[in-house]
Amino acid sequence: MTDEALIAQFESGTLSPNAFHHADHVRMGFAYLRQYPLLVALDKFSAALKRFAIANGMPNLYHETITWTYLLLINERIARAEQPQDWEQFARANPDLLTRQGGVLDRYYSKDSLQSELSRRVFIFPDKLA
């Protein structure tokens with residue numbers, strides 16, 4: 001599926017929540033970042049993710065710090081790649097982004113920070129040295 005089609009499906013609400021797990025969130029972030037500059041991607045993806053959570057009866061599921069951190073990391077990894085990558089190449093080169101539990105966030109954030117209400121509502125900077 002193309003990035004455009006994936007984003008359109010997500011934004012229209014036709015993407016099944018049962019088929020939207022952590023790696024799918026990363027895939028979606030990758031698609032947004034290939035279509036838009038970072039700040040636009042942050043805004044559009046965050047807004048669409050909030051709508052998706054609300055539409056699927058999970059309004060408290062959105063977490064700003066996790067969302068922004070992953071988008072920032074994906075953006076950096078795209079920029080560091082020696083040549084443009086499609087999703088499969090990107091996923092193979094960045095397996096640490098695809099693991100939710102015990103994944104890359106543990107290098108940057110304490111458990112207490114990520115479980116805080118503040119980090120859920122607004123982006124907070126990492127409290128660990130990478």
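## Residue classes and ground rules

Ala, Val, Leu, Ile, Met, Phe, Trp, Tyr, Cys and Pro count here as nonpolar, Asp, Glu, Lys and Arg as charged, and the others, Gly among them, as polar. This is a predicted model, in which local features need pLDDT of at least 70 and side-chain atom pairs count only at pLDDT 80 or more, while totals for chains, interfaces and linings use all residues. Residues are numbered from 1 along each chain as its sequence is written, and side-chain values use heavy atoms, with hydrogens and water left out.

## The largest pocket

Let us start with the open space. Sorted by class, the lining holds 17 nonpolar, 11 polar and four charged residues.

Which helices contribute? Helices are DSSP runs of H or I with at least four residues (strands are E runs of at least two), numbered from the N terminus. At least two lining residues come from each of α2 (22-35), α3 (38-55), α4 (64-80), α6 (105-108) and α7 (111-115). The biggest contributor is α4, with five residues.

The expected span of a helix is 1.5 Å times one less than its number of residues. With 14 residues, α2 reaches 20 Å from its first C-alpha to its last, close to the expected 20 Å. Its buried residues (buried means under 20% relative accessible area, exposed over 50%, partly exposed in between, with a 1.4 Å probe and protein chains only) are H22, V26, R27, M28, G29, F30, A31, Y32 and L33. The cover over them, judged by contact (heavy atoms within 4.5 Å), includes α1 (3-12), α3, α4 and α5 (87-93).

An α-helix has 3.6 residues a turn, so residues three or four places apart point the same way. After α3 comes G57, whose phi is positive, near 75 degrees.

Buried along α4 are E64, T65, I66, T67, T69, Y70, L71, L73, I74 and R77. Their cover includes α2, α3, α5, α6, α7 and α8 (117-121).

In the loop between α4 and α5 sits A81, partly exposed with a relative accessible area of 22%. A81 and L71 are 10 residues apart in sequence, and their C-alpha atoms are 15 Å apart in space.

## Salt bridges

A salt bridge is a side-chain nitrogen of Lys or Arg within 4 Å of a carboxyl oxygen of Asp or Glu. The whole structure has five of them. One pairs D3 with R34, with the closest N and O atoms 2.7 Å apart. D3 lies in helix α1 and R34 in helix α2, so this pair ties together parts that are 31 residues apart in sequence. D3 is buried at 5% relative accessibility, whereas R34 is partly exposed at 41%. A network of salt bridges links D3, R27 and R34.

Another pair is D96 and R77, at 2.8 Å between the closest N and O atoms. Because D96 is in the loop between α5 and α6 and R77 in helix α4, the bridge joins parts 19 residues apart in sequence. R77 counts as buried at 17%, while D96 is partly exposed at 24%. D96 also meets R107 in a salt bridge, at 3.7 Å from N to O. R107 belongs to helix α6, so this pair connects the loop to a part 11 residues apart in sequence; R107 is partly exposed at 40%.
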